[in-house]
Amino acid sequence: MTNELHGRKVAILATDGVERVELEEPLGALLGAGAQAELLSLHTGEINARQMDINPAGTFTVDKKVADARVSDYDALLLPGGTMNPDQLRTDPDAVAFVREFVETGKPVATICHGPWTLAEADVLHGRRLTSWPSIRTDLRNAGAEVVDEEVVIDRQLISSRGPQDLPAFCAAIIEHFANAPQPA
């Protein structure tokens with residue numbers, strides 16, 4: 001265990017249909033680097049995870065409803081993918097408002113796979129450079145982003161990756177970027 005993120009608190013925003021590996025691997029990397037993490041969702045209890053969007057892959061316990069969360073309580077935000085997860089988040093006004101406010105603070109935001117859909121809905125992608133799962137790239141371009149096909153893309157506080165194949169590089173990038181972000185006063 002390292003301590004690059006000791007004292008940092010990371011919000012993970014996800015709901016039913018989250019791609020298990022895209023939540024579990026970054027969460028493990030964050031905890032291994034000494035961060036605290038809280039899973040925020042649309043409802044309390046547990047969320048159902050998926051493998052390859054189709055196969056049930058267990059559950060994760062929700063720490064707090066996003067409607068009850070305050071951006072000021074967190075140092076960074078993680079938006080995992082899976083098709084169903086961000087498709088539901090982007091239709092929830094509380095989730096969209098939380099993401100918009102988080103980006104506006106300048107704090108780091110990491111997203112992978114279909115996760116950027118929520119960023120598009122929050123209208124925070126104009127003039128930003130990022131990557132994603134191929135099937136949502138047109139949506140991101142339509143939201144004003146420059147979309148590229150790279151393993152990890154860092155544009156100011158935004159860190160993005162394409163999908164599960166990029167998790168090793170994505171996890172390394174979020175640890176480094178979250179650790180180098182300005183510490184709150």
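Here is a short chat about a predicted model, taken one question at a time.

Colleague: Let's start with helix α6: what span should its 14 residues have at 1.5 Å a residue, and how far apart are its end C-alpha atoms?
Modeller: Helix α6 runs over residues 167–180.

Colleague: Which residues of α6 are buried?
Modeller: To count as buried, a residue needs under 20% relative accessible area. In α6 that holds for Leu-167, Phe-170, Cys-171, Ala-173, Ile-174, Ile-175 and Phe-178.

Colleague: And what do the buried residues of α6 pack against?
Modeller: One partner is a helix, α1 (20–32). The others are strands: β1 (9–13), β7 (76–79), β8 (109–112), β11 (152–155) and β12 (158–161).

Colleague: How many disulfides does a search of the whole structure find?
Modeller: A disulfide needs two cysteine sulfur atoms within 2.5 Å. For Cys-113, the nearest cysteine sulfur belongs to Cys-171 and is 14 Å away, and Cys-113 is in no disulfide. Cys-171 is in no disulfide either, with the sulfur of Cys-113 as its nearest, 14 Å away. For the whole structure, the search comes back with zero.

Colleague: Is Cys-113 buried or exposed?
Modeller: The cut-off for buried is under 20%. Cys-113 has a relative accessible area of 5%, so Cys-113 is buried.

Colleague: Now for Gln-157: which backbone oxygen does its side chain reach?
Modeller: Gln-157 sits in the loop between β11 and β12, and counts as buried because its relative accessibility is 11%. Its side chain makes a polar contact with the side chain of Arg-128 at 3.4 Å. The backbone oxygen it reaches, at 2.8 Å, is that of Val-103.

Colleague: Leaving aside neighbours within four places in sequence, which residues is Gln-157 in contact with?
Modeller: Contact here takes heavy atoms within 4.5 Å. Counted that way, the list for Gln-157 is Val-103, Gly-106, Lys-107, Pro-108, Val-109, Arg-128 and His-177.

Colleague: Last one: how far apart in space are Asp-139 and Ser-41?
Modeller: Asp-139 belongs to helix α5 (residues 137–142), and is partly exposed because its relative accessible area is 33%. Along the sequence, Asp-139 and Ser-41 are 98 residues apart. In space, C-alpha to C-alpha, they are apart by 23 Å.

Conventions: Residues are numbered from 1 along each chain as its sequence is written. This is a predicted model: local features need pLDDT of at least 70, side-chain atom pairs count only at pLDDT 80 or more; totals for chains, interfaces and linings use all residues. Side-chain values use heavy atoms; hydrogens and water are left out. Helices (H or I, at least four residues) and strands (E, at least two) are DSSP runs, numbered from the N terminus. The expected span of a helix is 1.5 Å times one less than its number of residues. Buried means under 20% relative accessible area, exposed over 50%, partly exposed in between (1.4 Å probe, protein chains only). A polar contact is a pair of N or O atoms within 3.5 Å; within protein, one must be able to donate a hydrogen and the other to accept it, and residues adjacent in sequence count only if both atoms are side-chain atoms.
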